[in-house]
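Please look through the chain shown here with the points that follow beside you.

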Amino acid sequence: MEIPETTSGAVLKRERVRAAILEIIEERHPGAVIPSERVLCARLGVSRPTLRAAVDEFVRAGRLVREHGRGVFVAAEKITQELVPGAEVLSVPPAAGVWTSRLLETAVRPAGARVGRKLRLSPAAPIRHLTRLRLVDGAPMAIEYLHLPAELVPALTEAELEDGDLYAHLRERHGVEVAEADQSIEPTVTTEAEAALLEVPVLSPALLFERLTSDRAGRLVEYVHSLYRGDRYRIRSRLTLSPSGAPQRPEAHHPGIPPGDFAPDRPVSFSAHGVVQDG
C-alpha cells in the first residue's frame, strides 16, 4: 500500500499540534482555561481548522471541555485503575498474525519539554523521533510514534525499524536490553488523517497506548505512544480469582469483576494479549 506524501505529512503535522496541546493540558490543573485559538495558531504556526481539529480530538477524549461563550478548559483527571498490585510479572505474548512495519518518518530533533520530561532528559537533548505504520497480514493496524535518546542508538537504521523485532535489534546491535515498561491504554477516535492511514472511517473507535520503557540499568530508553484500530484490536486480561472462603474487602472494587469474586489481598497473575479479530 502506497502512503501518499500529503497524507503522512498531515498526520505528522497533526501529531505535532496534538503534542503541543497535550503539554498545555499537563501543565495546567483541572478547570484551567487553555489559550485562545488565535493565540495557539500564532504560537504553533498552524491554521484554525488544523488547531480546532486537534482540540476537538481532546474534547472527544475527555481531556478538554468546551463551554460555549467561555472557552476551552482542562477536564477533570481520569480515574486510574491498577490491574497488577505488588511486583508481579507482566507477560505479554505476541499478538496474532504476521506483524510488519512501514517507516513514515525518522528525524533527530531536540526532545522538547514534554518528551524530555517523560525520558528525564533536557528539552535540548537529541532524540530519535520515529513514526511507523504497523500492519498485520498486510492490513494497517496502528500508527506508532517512538522517541529514543539519540546517544543510545546513533547507528539505528531504517531497515531495523521495518524488519524484525525492534527490541531484539536494540539488544543485539546496540547494547540496549529493555527490562520493563509502564504502559497505559485509553479509548479515543481517529482523526481524518489517521483514518486515511488506517483505512477506517473518520472518528472510528481506537485505542491509545502510551509506554515508557527502561533497560536493565534502570535508564529510560524509549517513550512510545500508538494509535490502534478499535475495530480490529482488543486487550484480554487473565486474572487469578480468589478461592472460596478467602478474605474479602467489601470496599475494594475492580471494574468488570463482580464484588466478592476478587481477593485483593492475594497476588494477581495478569497477562495482556493483543488480539486481532476477524473482519
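1. Leaving aside its neighbours within four places in sequence, which residues is leucine 51 in contact with? In this predicted model, with contact meaning heavy atoms within 4.5 Å, leucine 51 touches Val17, Ile21, Glu37, Leu40, Cys41, Leu44 and Val46. Residues are numbered from 1 along each chain as its sequence is written, and side-chain values use heavy atoms, with hydrogens and water left out. Because the model is predicted, local features need pLDDT of at least 70 and side-chain atom pairs count only at pLDDT 80 or more, whereas totals for chains, interfaces and linings use all residues.

2. Leu51 also belongs to the largest nonpolar core, where Ile21, Ile34, Leu51 and Leu64 touch the most other members among 16 residues. Such a core is a set of buried Ala, Val, Leu, Ile, Met, Phe, Trp, Tyr and Cys residues joined through side-chain atoms within 4.5 Å, and buried means under 20% relative accessible area with a 1.4 Å probe, protein chains only. Helix 1 (5-27), helix 2 (37-44), helix 3 (48-60) and strand 2 (71-74) each supply at least two residues of this core, and helix 1 gives the most, with 5 residues. Helices (H or I, at least four residues) and strands (E, at least two) are DSSP runs, numbered from the N terminus.

3. Helix 1 also gives the most to the lining of the second largest pocket, with 6 residues. A pocket is an open set of points on a 1 Å grid over the protein atoms alone, where a 1.4 Å probe fits, with protein on both sides within 12 Å along at least five of seven lines; lining residues have an atom within 4 Å of a point. Of its 21 lining residues, the closest to its centre are Arg16, Ala19, Arg109, Val115 and His129.

4. Helix 4 (112-119) is among the elements that each supply at least two residues of that lining. The buried residues of helix 4 are Arg114, Val115, Gly116 and Leu119, and just after this helix arginine 120 takes a positive phi of about 55°.

5. As for confidence, pLDDT (the predictor's confidence in each residue, from 0 to 100) averages 81 over the chain, and 75% of the residues score at least 70. Over residues 85-91 the pLDDT is below 50, and this stretch has 9 contacts beyond near neighbours in sequence. Residues 256-279 also stay under 50, though the model has 75 contacts for them beyond four places in sequence.

Notes. Buried < 20%, exposed > 50% of the residue type's maximum accessible area, 1.4 Å probe, protein only.
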